[in-house]
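Have the 3D view open while you read.

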Amino acid sequence: MSDLIDFRSDTVTRPCAKMRNAMADAQVGDDVYGDDPTVNRLEALAADMAGHEAALFCSSGTQTNLLALMTHCQRGDEYIVGNSAHTYKYEAGGAAVLGSIQPQPLDFEPDGTLDLNKVEALIKEDDYHFARTRLLALENTTAGKVIPQSYIGDARAFAQTKNLAFHLDGARAANAAVAQGIELSELTGQFDSVSICLSKGLGAPVGSVLCASRDFIKEARRARKMLGGGMRQAGTIAAAAIYALENNILRLAEDHENAAYLAGKIDDLGCADFSVASVATNMVFVKIASKVLIELNDHLREHGIILINDPDRLLSADAPYVNARLVMHKDVSRSDIDLLIKNVHGFLLRS
């Protein structure tokens, strides 16, 4: 399995030798008691890098996002969110199921933003018939697209004017910062809370951090315990996260460059059955003819390349093409991309 080239996601990365050494050498304690020195160091580092007072280390971005929603909102409150955002669509409905928080979704704009005029129209009146609108949640990046800094400033001012809290699902916030040539804190510091994933492009084996004010994190820590998220000797995985934050942010530019390189190579194929739909940061969305999808996916796996985990999920009876996401990460090299193109080209020539 370790020899496979995997384009499914940047979650599939494996720890490098230096990261493994850091994990092996980590000092540990009981984090629930606040005694794990490596977790404490990670949380201080993450908070500083994100431009916030404090941070909380959790097992996943799903958990950090849920903790943020549950801390910002009470039972029967509402948050406004994009209808394909992870906090709404891809996190098992946790806000509604576990937090009794009502989502109010709306369509993303093509650039990944939410139209603030449409957001305003969704804010409920102060009337006991309605859920209380408490929070505006954004995502950056979304489908690889970077939200402009100017928009974030406008959305921040809007949220303050409307007395809304302001949360960022920043699973790939580091990608967004690197793409714009800015410090992470410049992007994330404008939010009341931010979730940052450590196990995607940054390459840690597990974990996300929630960054916010000290009082906010104190409340979120209580909710983490209630959700079963208290970890004991977590310093071993926290050491990997520290290594990721200290060494793997700037290298994300290489993933962005590789995405552009892959898009160019696909364009060079000049084939309608396998063409670029869009490319942004570390993601290339490829339009693949439905008639060849499954056979192509099987062909690539036979040659040590994982393209799509479940191609049947993408197929629709009346759709001649599907959009598949190819994700660049630290375990994908230029030679890996060249091998993918070679095998795609060989398959298309024979089919």
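The lining of the second largest pocket splits into nine nonpolar, four polar and three charged residues. This pocket has a volume of about 270 Å³, and bear in mind that we're looking at a predicted model. Below is the rest of that pocket, then the other spaces and the sheet.

**Second largest pocket**
- It's lined by 16 residues, and those closest to its centre are Ile182, Glu183, Leu184, Ile249 and Leu250.
- Helix 2 (37-50), helix 8, helix 9 (184-188) and helix 11 (235-247) each put in at least two lining residues.
- Helix 11 gives the most to this lining, with three residues.

**Largest pocket**
- The largest pocket comes in at about 1,100 Å³.
- Its lining counts 33 residues, with His86, Tyr90, Ala143, Phe285 and Arg325 closest to the centre.
- Which elements supply at least two residues each to this lining? They're helix 4 (86-89), strand 9, strand 10, helix 14 (311-314) and strand 12.
- By residue class, the lining of the largest pocket divides into twelve nonpolar, eleven polar and ten charged.

- Three strands make an open sheet in the order 9-10-12, and the pairing is antiparallel.
- Strand 9 (274-280) and strand 12 (321-327) sit at the edges with a single partner strand each, so one side of each has no neighbour in the sheet.
- Ignoring direction, neighbouring strands here are turned by 25° against each other on average.
- Strand 9 and strand 10 (residues 283-289) run antiparallel and are joined by six bridges.
- Take Ser278 as an example: its bridge partner in strand 10 is Phe285, and Phe285 is also among the residues closest to the centre of the largest pocket.
- Helix 12 (residues 252-269) lies across strand 9, strand 10 and strand 12, and it runs at about 155° to strand 9.

Notes:
Residues numbered from 1 in each chain as written. Predicted model: local features only at pLDDT ≥ 70, side-chain atom pairs only at ≥ 80, totals over all residues. Heavy atoms only, no water. Pairing = 2+ DSSP bridges. Helix = DSSP H or I, 4+ residues; strand = E, 2+ residues; numbered from the N terminus. Axes fitted to C-alpha atoms, helices over the stretch in contact; angles between N-to-C directions. Contact = heavy atoms within 4.5 Å. 1 Å grid on protein atoms, 1.4 Å probe; cavity = no way out; pocket = protein on both sides within 12 Å on 5 of 7 lines; lining within 4 Å. Points joined across faces, edges and corners; volume = space filled by probe spheres on them. Nonpolar A, V, L, I, M, F, W, Y, C, P; charged D, E, K, R; others polar.
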